[in-house]
Amino acid sequence: MYSQGLIGADGRTEETQDFLDRFQRRIDAEEKIEPMDAMPAGYRKTLVRQIGQHAHSEIVGMLPEGNWITRAPSLRRKAALLAKVQDEGGHGLYLYAAAETLGVSREEMTEELHCGKAKYSSIFNYPTLSWADIGIIGWLVDGAAIMNQIPLCRCSYGPYARAMIRVCKEESFHQRQGYEICMALAKGTPAQREMLQDALNRWWWPVLMMFGPHDADSLHSDQSMAWKIKRFSNDELRQKFIDATVPQAEYLGLTFPDPEMRWNEEKGGWDHGPIDWDEFWRVVKGFGPMACDRIAARRKAWEDGAWVREAALAHAEKRRARKMAAE
Ligand code: 3HC
């Protein structure tokens, strides 16, 4: 029996049912799919979408924290924050490189970000109003990112899985530096504790939204899980994150801005109140509080960096010509 006989990702392979079944058997056997392997067009498209969105999130994610580098309260904090923001830039580059193995160029991905076609994580559309926000971002935003990304180290697509291993190691340092900032503020003056609680109040719900819509409303989860791109559903990861975070917040003496949060003995996890999905979709559609600033900053950085890209290309061309002349 044949499917619609689509031409697959490599532009040659016909997507017969037999081809799709063989591909699925490789996935089920936990074989890694590599760039030169034949793959269904849908698999490639899903990866380009997800890895591209992930790369953009890392790059746009440099902005809210970069905003505090000049205002970090000590040299030690400044050095750690600077290193963290640079790490995020590096993560973006590994991820763009992983996406490029699927035949899409960084220029194309960047263009899609700038014109609003490609998404980036909703969380980076919120402003960083106080130093406590930097602690909360490290603790919770990076904490949520780790919860989501550790399973991606086992993603079926080799280049993405391998990139995620290093990314996750660095993210765990980011999470600890954030929690350490929160600990210092929690042990500080009443004003510092109040600043920390205020930051948690503003960031908690947007952090829960990072995991994406509820499973019932998730467009891609079922297929992505069948292809072992995603290993856990959005709700499963959100629940794991909440369960891991509650004791950490208790240790800091913080209260969640969710009156409905309570331990559920039966499920062995924490229940939470309703998430404001209208807010989520507004932000995802480009109407977040900082959306215009974020895209304007990325466009400016891309335009300002044009001469660097041109110089690097000219240098590479000169080296290539010299090498050819010497051969
Ligand atoms: N922000 C923006 N868009 C989101 C989103 C979010 N938090 N959650 C879901 N969406 C979008 C999806 O992209 C999809 O839109 P599309 O069809 O136009 O692409 C739509 O909402 C429906 O959601 P689905 O659940 O069907 O989408 P996915 O199956 O792709 O799941 C995901 C969403 C869980 C975010 C998944 O894509 C994923 O695991 N991505 C990789 C990790 C990632 O990108 N993380 C971003 C944060 S990185 C970061 O935080 C940097 C760190 O240094 C702090």
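The structure holds 11 aromatic pairs, a pair being two rings of Phe, Tyr or Trp (its six-membered ring) whose centres lie within 6.5 Å, with planes under 30 degrees apart counted as stacked, over 60 as edge-to-face and the rest as tilted. This is a predicted model, in which local features need pLDDT of at least 70 and side-chain atom pairs count only at pLDDT 80 or more, while totals for chains, interfaces and linings use all residues. Residues are numbered from 1 along each chain as its sequence is written, and side-chain values use heavy atoms, with hydrogens and water left out.

**Aromatic rings**

Select Trp 139 and Tyr 179, which form an edge-to-face aromatic pair with 5.5 Å from centre to centre and 65 degrees between the planes. Trp 139 lies in helix α6 and Tyr 179 in helix α7, so this pair ties together parts that are 40 residues apart in sequence; helices here are DSSP runs (H or I, at least four residues), numbered from the N terminus. Trp 139 is buried, with a relative accessible area of 0%, and Tyr 179 is buried with a relative accessible area of 14%, where buried means under 20% relative accessible area, exposed over 50% and partly exposed in between (1.4 Å probe, protein chains only).

**The ligand and its shell**

Of the 34 residues around the ligand, Gln 53, Glu 88, Lys 119, His 220 and Lys 230 come nearest. For the polar atoms, display Lys 230, which has a polar side-chain atom 2.6 Å from an oxygen atom of the ligand. Taken alone the ligand exposes 1,000 Å², of which the protein buries 94%, the areas coming from the Shrake-Rupley method with a 1.4 Å probe.

Colouring by element shows that α2 (41-60), α6 (131-149), α7 (158-186) and α11 (277-287) are the elements that give two or more residues to the shell around the ligand. The largest share, 6 residues, comes from α2. By class, the shell has 14 nonpolar, 13 polar and 7 charged residues, with Ala, Val, Leu, Ile, Met, Phe, Trp, Tyr, Cys and Pro counted as nonpolar, Asp, Glu, Lys and Arg as charged, and the others, Gly among them, as polar.

**Salt bridges**

The structure holds 19 salt bridges, each a side-chain nitrogen of Lys or Arg within 4 Å of a carboxyl oxygen of Asp or Glu. Begin with Lys 84 and Glu 65, whose side chains meet in a salt bridge at 2.7 Å, N to O. Lys 84 lies in helix α4 (residues 75-100) and Glu 65 in helix α3 (residues 62-66), so the pair ties together parts that are 19 residues apart in sequence. Both Lys 84 and Glu 65 are buried. Extending the selection to Glu 88 and Asp 142 brings in the network of salt bridges that links these two residues with Glu 65 and Lys 84.

Move on to helix α10, where Arg 238 and Asp 235 both lie, 3 residues apart, about one turn of the helix. Their salt bridge has its closest N and O atoms 2.7 Å apart. Arg 238 counts as buried at 1% relative accessibility, whereas Asp 235, at 24%, counts as partly exposed.

Now select Lys 228 and Glu 30, a salt bridge with the closest N and O atoms 3.9 Å apart. Lys 228 lies in the loop between α9 (221-226) and α10 (234-252) and Glu 30 in the loop between α1 (17-28) and α2, so the pair ties together parts that are 198 residues apart in sequence. Glu 30 is partly exposed, with a relative accessible area of 44%. The backbone deserves a look as well: most residues other than glycine have a negative phi. Glu 30, although not a glycine, has a positive phi of about 65 degrees, and phi of Lys 228 is near 55 degrees, also a positive value in a residue other than glycine.

**A last stop at Thr 128**

Finally, select Thr 128, in the loop between α5 (106-114) and α6, which counts as buried at 8% relative accessibility. A polar atom of the Thr 128 side chain lies 2.8 Å from the backbone oxygen of Pro 64. The Thr 128 side chain also makes a polar contact with the side chain of Asn 67 at 3.1 Å, a polar contact being a pair of N or O atoms within 3.5 Å, of which, within protein, one must be able to donate a hydrogen and the other to accept it, and residues adjacent in sequence count only if both atoms are side-chain atoms.

Terms used
A residue is near a molecule or strand if one of its heavy atoms lies within 4 Å of it.
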